[in-house]
Amino acid sequence: MSFPTIRGRRLRRNETIRRMIRETNLSVDDLIYPLFVVEEENVKNEVPSMPGVFQMSIDNIVKECIEAEKLGIPGVILFGIPEHKDELGSEAYNDEGIIQRTIKAIKENTKTLQVITDVCMCEYTSHGHCGIIKDGDVDNDETLKYLALEALSHAKAGADMVAPSDMMDGRVAAIRDILDENGFYNIPIMSYAVKYASAFYGPFRDAAESTPAFGDRRTYQMDPPNRLEALREAELDLMEGADIIMVKPALPYLDIIREIKDNFNVPVAAYNVSGEYSMLKAAIEKGWLDEKVIYESLISIKRAGADLILTYFAKEIAMRL
Ligand code: PBG
């Protein structure tokens, strides 16, 4: 009888040795916490399809940000839900709009927290599309002007970083230009460069009230089977001046995160989206899965190559790290 000389189990014998040879670590430094702000006062409404996630009024958002900062979470990303929506999404670039007021309130009440804003039209337009509609289609170049105004308005309100999520061609350049022209050359752009047309955004659209009134987003978001296109999108956004490249969703696209990490020398962010959150939460609530699946999911995103993870689990995982 022959015995194995090489035994993988030697280095798995106890938690200390496992800790010593662990190849990937999840740190609170990696986390970005998404938040949904509404205009009404005194609101903390749980999103039915996202247990533990709330639409909050500015006062509650500020409390949440103070808590996040205490937990060591370095950044939040804000999504605004305006009372008034119209064809041109005018609340998106209103200097007194919901996001603009929220940024100021957070900045007044926190010290180091990085306030990142999602730059997109879908929460602000009456039709729910990510841009301006002309002849029944989202008009790319017309939309760029509005996205630029929105990003500028966020920067003026004190945002530390802007994150365009609309998937229009040329938006990073348009935003970089307007920010630089107005002296905001130090504000980084985290581009949702590789954003797939995913069914995993369903719960977010409940939370952000941004479901398109007609059609879908497949003429601007990417087709899930594509890989080379992801590299091209990332390359273009980098040429236009993006500082951080995001892949979204995360778990069904771990291969893409790895590709982006291996091909470009910039920080990579991954968005652990609403559907990824909801499916784990639902199974945990039912007792079908142990909550350890949360850490395992997030570490897989790290292992795939993400430097930053946008996740609704940010607070609960930060408490456990
Ligand atoms: C806005 C936007 C979306 C998400 C982030 N920014 C929704 C969409 O494109 O429909 C999704 C985030 C999530 O599902 O958690 N365009």
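Visitor: How many residues of strand E10 (residues 244-248) are buried?
Guide: Strands (E, at least two residues) and helices (H or I, at least four) are DSSP runs, numbered from the N terminus. A residue is called buried if 20 or more other C-beta atoms lie within 10 Å of its own, exposed if 12 or fewer, and partly exposed in between, with C-beta atoms placed from the backbone. E10 is mostly covered, and its buried count is five of five.

Visitor: Before we go on, what sort of model is this?
Guide: Residues are numbered from 1 along each chain as its sequence is written. Local features need pLDDT of at least 70, side-chain atom pairs count only at pLDDT 80 or more, totals for chains, interfaces and linings use all residues, and the model itself is predicted.

Visitor: Which residue of E11 is the bridge partner of Val247?
Guide: Strands count as paired if DSSP finds at least two bridges between them. Strand E9 (residues 190-195) runs parallel to E10 and is joined to it by four bridges, with Val194 standing opposite Val247. E10 also pairs in the parallel sense with strand E11 (residues 268-272), over three bridges. There the partner of Val247 is Ala270.

Visitor: What is omega for the cis peptide bond between Lys248 and Pro249?
Guide: The cis bond joining Lys248 and Pro249 has an omega of about -10 degrees.

Visitor: Since H8 came up, at what angle do helices H8 and H10 cross?
Guide: Two packed helices are described by the angle between their axes and the distance between the axes. Axes here are lines fitted to C-alpha atoms, for helices over the stretch in contact, and angles run from 0 to 180 degrees between N-to-C directions. The axes of H8 (residues 254-263) and H10 (residues 292-304) come within 8 Å, and the crossing is roughly 35 degrees.

Visitor: Which residues of H8 and H10 make that contact?
Guide: Two residues are in contact if their C-beta atoms, placed from the backbone, lie within 7 Å. H10 brings Ser300, Ile301 and Ala304, while H8 brings Leu254, Ile257 and Arg258.

Visitor: How does the shell around the ligand divide by class?
Guide: A residue is near a molecule or strand if its C-beta atom, placed from the backbone, lies within 6 Å of it. The residues around the ligand include Asp118, Cys120, Arg205, Arg217 and Ser274. For the classes, Ala, Val, Leu, Ile, Met, Phe, Trp, Tyr, Cys and Pro count as nonpolar, Asp, Glu, Lys and Arg as charged, and the others, Gly among them, as polar. The shell comes out as six nonpolar, two polar and three charged.

Visitor: Why does Arg205 count as partly exposed?
Guide: UniProt's "binding site" annotation, from an unreviewed entry, covers Arg205 and Arg217; such positions use the numbering given here, with feature names shortened, and annotations may be inferred rather than shown by experiment. Arg205 is in helix H6 (residues 202-208). It counts as partly exposed because its C-beta neighbours inside 10 Å number 16.

Visitor: And Arg217, buried or exposed?
Guide: Arg217 is found in the loop between H6 and helix H7 (228-239). Neighbours within four places in sequence aside, Arg217 is in contact with Cys130, Ala197 and Pro212. With 20 other C-beta atoms within 10 Å, Arg217 is buried.

Visitor: What is the largest C-alpha distance for the "binding site" at Ser274 and Tyr312?
Guide: That feature is also from an unreviewed UniProt entry. Ser274 is in helix H9 (residues 274-285), and Tyr312 is in the loop between strand E12 (308-311) and helix H11 (314-320). They are spread over 39 residues of sequence yet cluster in space, and the largest C-alpha distance is 7.4 Å.

Visitor: Last one: what is phi for Met167?
Guide: Met167 is found in the loop between strand E8 (161-164) and helix H5 (171-181). Met167 counts as buried because it has 24 C-beta neighbours inside 10 Å. Although Met167 is not a glycine, its phi is positive, at about 70 degrees.
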